[in-house]
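I opened this entry to keep track of what I looked up, item by item. The structure comes first, my notes after it.

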Amino acid sequence: MSAEMQRFGTSEEDDDDMGMDVKEEDDDDDEDEEKNMGTPSVVGVDVGVLSTGGSNRFMHHQQYQDQPTPQLGGVRRCRPQEEKERTKLRERQRRAITAKILAGLRRHGNYNLRVRADINDVIAALAREAGWVVLPDGTTFPSRSQQGTRPAGAAPNTAVTSSSSQMPAQHSSPTSLRGISPGYRNTVDHNSSHMKGVFVPTSSPYDASSSARSPTSAMIGDGGDLQNDPLLGGSIDSVDNRQVVDVPTKLQERDFAGTTYVPVYVMLPLGVINMKCELVDPDGLVKQLKILKSVHVDGVMVDCWWGIVEAHAPQEYNWNGYKRLFQIVRELKMKLQVVMSFHECGGNVGDDVCIPLPHWVAEIGRSNPDIFFTDRAGRRDPECLSWGVDKERVLRGRTALEVYFDCMRSFRVEFDEFFEDGVISMIVVGLGPCAELRYPSNPVKHGWRYPGIGEFQCYDQYMSKSLRKAAEMRGHSFWARGPENTGSYNSRPHETGFFCDGGDYDGYYGRFFLSWYSQVLLDHGDRVLSLAKLAFEGTCIAAKMSSIHWWYKTASHAAELTAGFYNSSNRDGYAAIMAMLNRHGAALCFTCSGMSMIDHSMDFSETLADPEGLFWQVLNAAWDAGIPVSSENSFACNEREGYSYLLDKSKPISDPDGRHFSSFTYPRLNPLLMERRNLIEFEWFVKRMHGEAVVDYQT
């Protein structure tokens, strides 16, 4: 699916699709060339800047409007159809190559390239990293560290904070930013000036005071004493009788010294235990764990796979690999968070191994496929068991609830010493796909791609029986069916009769169906957590939820509805869940799409997504119910901007009650994190999460 999204993120095919949008305005070049040969086109650019809830995320949209111009004299040249087709083919091939280059730079180079970037943006980004200054009109010259003057042809009436694509300057660049503008006497004059192609950042959410930053990264003035300006902490020189301010990209950040200690865990790789329940590469793991210990990480999180420990026969458990792993963690004096994973691994974004459900469960599924979730077309999803079999004795004489409880009880008995020593600090109870409390409404294996609304998963015989019973109790037996006008996995809300504004979701039948659908989810979580509380008495248990933030700004909240969260605009779909967690003394492990909020290449406008709004709704619902909240980020983060965002969300400065995350889990242990530069940044983050005073340094 962040991609959150990379859990609900885009695939490589999607990257290619997005890349094909690069320079989409060129599609009709051939036709325009025939119509307007020799005719100059006046292009007006309107730039919109959107700041997403203090997350320091900026999204930019350019609207190109061709202004009509009088036809100038010129010879109209007609080209054969074959030549036009060859031109179109060459353009498609060029854009496909460009798309791959942009995808690679975004994914591996941390370049803030928008989806519709072109080759000019790539060149500008590379030039800036090399220390050059690129003006919005394309004028390029060396920075002061390379050459003290700029060419006479450089435009003096622009501010350099972004390229022509409106791309914000990267905070991680080691070079300083530099810009030029007329000598405005104050910020109001500067911002009110009509300068197209200028990006003016808002105050950083990481600063203790919004006055700690200059409104622009750098500027030139005709006069006035800028040498002692506290807002412009960089060096100043003179070019063409103007003062040029060289402002370092280092921003003043919020001081977390003395704040509450928030433990930091690192999620272990999915395949750390193989299908034979053996620890993979114990020596390499010990080395990595020692490195994590050296940067003050509190512990690790590991998935305990049902498909591994009870793989071959019912109630025959093999815990050998996990024993060895837990011993290593205890010897290093670290803590453990264990996820009881009653789902399969593989098929979702980020899954690099395949761990199916136990073989004996798969055999039952071949003869009775209704034990799995089923969509309207009859496609089965073997990722986890349908909640319709929670109380059905279809698993060789046991119900699904009994199977879950037997596995959890065996784990508790087997690792009793680790519970008694406090090595195991929390048990995250798997409640659905990806161990999260939700329906598998967006399976990639069935063709779902972000930002599709997904489909309802209630068409197996056991769920259908539950729906039929609920309809009969309501006195409307003809309501014992799923909605028929809900579109497909990749539909948009406005394309369906059920989810569109004023659609059937808000009618009498729609409200009945959604209430039943969400109540089944709530009842499943209630039953499993009651058994987990019994099995792990005295240990913190938690339920995991994910951030399904796309289409959040629509009235229906379609993606949330298909996932089981009845959170349409006239309802609160999370308060009942938090009340249920509170009854069992369970914590919430919220898998948020935090990094997607500051991913400059993502555009939320078309999907009407609001990850920030959903984040605060869920967080406030949990805190209002007295639920401890631990967080697990959807995507890995290795740069300062992302860590600053996570710190700000973990310890909100504006919360009057001083509430904060109870713990944070980093996904996941990988060679990239072990690189020296990334490890230094990670240590900076961990110390701040612990509330320590940090002496900053350049990496």
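I began at the end of α8, where Lys333, just after the helix, takes a positive phi of about 60°. The model is a predicted one, and I read this angle as computed from it.

I then went back into the helix itself. I noted 12 residues in α8 and a reach of 17 Å from its first C-alpha to its last, close to the 16 Å expected at 1.5 Å a residue. Which residues of α8 are buried? I found Gly321, Tyr322, Leu325, Phe326, Ile328 and Val329. They sit on the same side of α8, because they cover an arc of only 155° around the axis. On the other side of the helix I listed Asn320 and Glu331 as exposed.

Next I turned to the aromatic rings. I have 43 aromatic pairs for the structure. One of them joins Phe326 and Phe415, with 4.8 Å centre to centre and 50° between the planes, a tilted pair. This pair links distant parts of the chain: Phe326 belongs to helix α8 (residues 320-331), while Phe415 is in the loop between α10 (400-414) and α11 (416-420), 89 residues apart. I checked the accessibility of both partners. Phe326 has 0% relative accessibility and therefore counts as buried. Phe415 also has a relative accessible area of 0%, so I put it down as buried.

I followed this with the pair of Phe456 and Phe513. I recorded it as edge-to-face, at 4.9 Å centre to centre and with 80° between the planes. It too links distant parts of the chain, 57 residues apart: Phe456 is in the loop between β14 (424-429) and α12 (461-474), and Phe513 is in helix α13 (residues 508-535). Are Phe456 and Phe513 buried or exposed? I have both as buried.

I also looked for charges over rings. I noted Arg571 over the face of Tyr566, 3.8 Å from the ring centre. I noted as well that Arg640 has its charged end over the ring of Trp684, at 4.0 Å from the centre.

My last item was Asp255, which I located in the loop between β8 (242-247) and β9 (264-267). Why does Asp255 count as exposed? Its relative accessibility is 54%, and the cut-off for exposed is over 50%. I then took its separation from Arg688: C-alpha to C-alpha, Asp255 and Arg688 are 8.3 Å apart in space, against 433 residues apart in sequence.

Technical notes. Residues numbered from 1 in each chain as written. Predicted model: local features only at pLDDT ≥ 70, side-chain atom pairs only at ≥ 80, totals over all residues. Heavy atoms only, no water. Phe/Tyr/Trp six-rings, centres within 6.5 Å; stacked < 30°, edge-to-face > 60°. Helix = DSSP H or I, 4+ residues; strand = E, 2+ residues; numbered from the N terminus. Buried < 20%, exposed > 50% of the residue type's maximum accessible area, 1.4 Å probe, protein only. Lys NZ or Arg CZ within 6 Å of the ring centre and 35° of its normal. Expected span 1.5 Å × (residues − 1). Arc of directions from axis to C-beta.
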